[in-house]
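Thank you all for coming; I would like to walk you through one structure this morning.

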Amino acid sequence: MIDPINFVVFSSMLLLIGAYGVIRNKNAIVVLMSVEIMLTAANINFVAFSTFYNVLSGQIVVLFVTTIAAAEVAIGLAILLSLFKQRGTIELDLLNRLRW
Amino acid sequence: MSSKDNKSDSDIAAVVLASMFFALLLLYICTEQFSSDFVNVAWMIPVFPIISFGLILLFGMYDPRRGGSFALVGVGLSSVFSMAVVYEVLFQDSLHGGFIESTRTWFGGETYSFEFGTYIDSLAAILLLVVGFVSYLVVLFSTSYMHEEGDRQVRYFGEICLFVGVMLGLVIANSFLLMFIFWELVGVCSYLLIGFWYEKPSAASAAKKAFLVTRVGDVFLLLGLIILFNTFGTLRYSELFSDPELLAANATEVKWATLCLFGGAVGKSAQFPLHVWLPDAMEGPTTVSALIHAATMVKAGVFLVARAYPLIVHSPDTAIYIAVTGGVTAFIAASMAMVMNDIKRVLAYSTISQLGYMFLALGTGAWAVWHAAEEGLEIHVQGYTAGLFHLMNHAFFKALLFLGAGAVIHSVHTQDMREMGGLRKSMPITSLTMGLGVLSIAGVPFFSGFWSKDEILEAVHHNAEAEGIFGILWWLALLTAAMTAFYMTRLWMMTFSGPDNRKVSEMKPAKDHEETGNWELSQKEVKIHAHEAPLVMTIPLMLLAFMAVFSGFLLFIGDGFGSMVYFGHHESTEGLIQWGIIDHILSSYLTYLSVVVGLTGVTLGYLFYKRSSDGNTILSTSFISDNIVLGPLHTFLSNRLYMAKLFDWFGMRTWDTFAQACDWFDRNIVDGLVNATASITQFFSNKVRKLNSGFTGHYASLTVGGLGAIVLITRVIMPIMGWSI
């Protein structure tokens, strides 16, 4: 059996990559994709420990996470679409009206 | 009298008879179905008017009398039930001087459960007699008197019903707490009714004044109840009064509690110095004044003191304080009544004065009971009985006088007695019945006021041998009796005597007024237009006049009034049963003294205020104002002893200064603290809010950075330093 530390390191790296993507990217669609990467990192942890402990519930949670992530992306894209219709852009640098 | 009036008369007669029949039927069914005792259905008495209050609010507009019929039926039902209880308790003596209590638990806890129910004894019965009888006649009178008000009668009758209902509830409540609830409701109703014409600023402010002044007393009452509850753990009459030894053992608490209770009575019954609201309360409709003065509002204070009697007899200080307050109030109110020109104000001051008599009697009686217990003497005369006897008589003649005054005002559309006179011819029934009321309150022999006033004077005089202050009070009371006879005769003479037309001088614009603006004095012949009130209004007057003349003879029915209403036990009060027996009254020189005093007052009033053939009184205004002694005295009295000014001055000097200090403190210190907190917060948040930049990346990096910081601290720094979470 593969040592779970490998999975933990891998998923941590995925999480950091996703976070970097969220922070650095200007395009809202790429930010959404980065969020998906972060969710995948969490999912890998779930699956890994589910196998390690031989408990199925972790895998069930992954199914739920995937489903909800799909829904979330659908809503996110819808928001971006209407945002684009109104403002003509989805560059996050230009969408900073909601502030102090 | 037009045919329309006749029609409305028979209309009302039908409602009255129907409600009476219905009431008797209901009473029969109740007593046959559930028990043979009327007392057991006493809880229904306040319920009827309160139900009709609700019905009037909902359906009053559909009633041709605008709620009057509902009020007649509701109050009529409770009157019949009251009379049944009165008959059983007073005349059948079914309770043998004891009481009947029925009680239910409303809500309960571990240590205390709030109970409500009825407590019927002779005191409650005498109040039921007064309230039931008088309030019904007042409602009957109102159906005609308030006719001009149109749709606003709905509000009037609704409030009257609630007023009567809560007063009856107050009378038969079985604990001080329940009584206090009704007490406050009575205050609210009086506020509403005094301010009935709320669009008049004077009426609105009079209502406010009545409410606020009585509230001062209510605070004391609540304080007294708190003291009682803390000491004895209950407010139910039957539990409080059952253990005299316990009461005697807690003399200090009882003293303060009874003083506070009396404070409540001072406010409600308009005793000095809280009497200021009652004359202003004349702003309400006259029928409301009649109800307040004769049955509902001010009698509540007397009732409270009489109810707390088992407590008061353990506190001689309170008893003396009550007697002194009563005596002083009786005197100063009578002195003010002598100079008032507004017919209703004369009656208002007369009420204050007569209430003072009642308190004098009650205080005197309580002191006598205490003194007799200390010295082991037998109680000779009971101030308690005398006070309640006067309460009953006063209810009848004062309701009569107020309703009569209402009929007069209704007819001549003025309240100033100087503009009246000569109404005797045009209003024969009103003048005759009011005359009987005047003779009764003046203490002319064989009228009801004579008997009770005489007994009060005798009770006070009896105490004077043991305690000097009662001697002074006796002189005050005697003087008051003379003044009462004087001002009541003055009232009747100024209103009814003399010719009905007379010359009055008035200022008219002179012929050259247009050019010069001059005015000239001219004589004008004035005919006073008046007409007798309709039958609906005179029948209550006649009934009340009958009671005002004959209720005094209750002394001699059966064993006498003293055997119906008394304080103490049958066994220990052998002498009491003799109370009021005629040979005892006739053999006392005090009786003759009070007869002389009363007749002197009547004679002086007649001589000074008889209107001569030109329609003016013999004692002219200029005679008084030119006199070196009477002039200033008259000014002093007609300014109501400058009490209002004194209160204002006192308020401005003390309370206003204090309020301004509070205002400064509030504006600078309290507000300063709040503002400082706000501005400090604002200063820092102005710095911090720049973080909210609007860039998604910034938020995300702050989140990640924060998470990193938490991980760093909890997983790296804390283990190294050896801290644990």
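What share of the contacts in chain B with a separation of 6 or more is accounted for by residues 24 or more positions apart? The share is 79%, where two residues are in contact if their C-beta atoms, placed from the backbone, lie within 7 Å.

This is a predicted model, in which local features need pLDDT of at least 70 and side-chain atom pairs count only at pLDDT 80 or more, while totals for chains, interfaces and linings use all residues. Residues are numbered from 1 along each chain as its sequence is written, and chains are lettered from A and ligands numbered from 1 in the order in which they are written.

Chain B contains 30 helices and four strands, these being DSSP runs numbered from the N terminus, with helices (H or I) of at least four residues and strands (E) of at least two. Of its 725 residues, 50% are buried, meaning that 20 or more other C-beta atoms, placed from the backbone, lie within 10 Å of a residue's own, whereas 12 or fewer makes a residue exposed and anything in between partly exposed.

Now to two backbone details. Most residues other than glycine have a negative phi. B:Ala270, however, has a positive phi of about 55°; this residue sits in the loop between helix H10 (251-268) and helix H11 (277-280) of chain B, and B:Ala270 is buried, because 31 other C-beta atoms lie within 10 Å. A:Asn54 also has a positive phi, of about 60°, and lies in the loop between helix H2 (28-53) and helix H3 (57-87) of chain A, but A:Asn54 is exposed, because 6 other C-beta atoms lie within 10 Å.

Finally, the interface: eleven residues of chain B are in contact with twelve residues of chain A.
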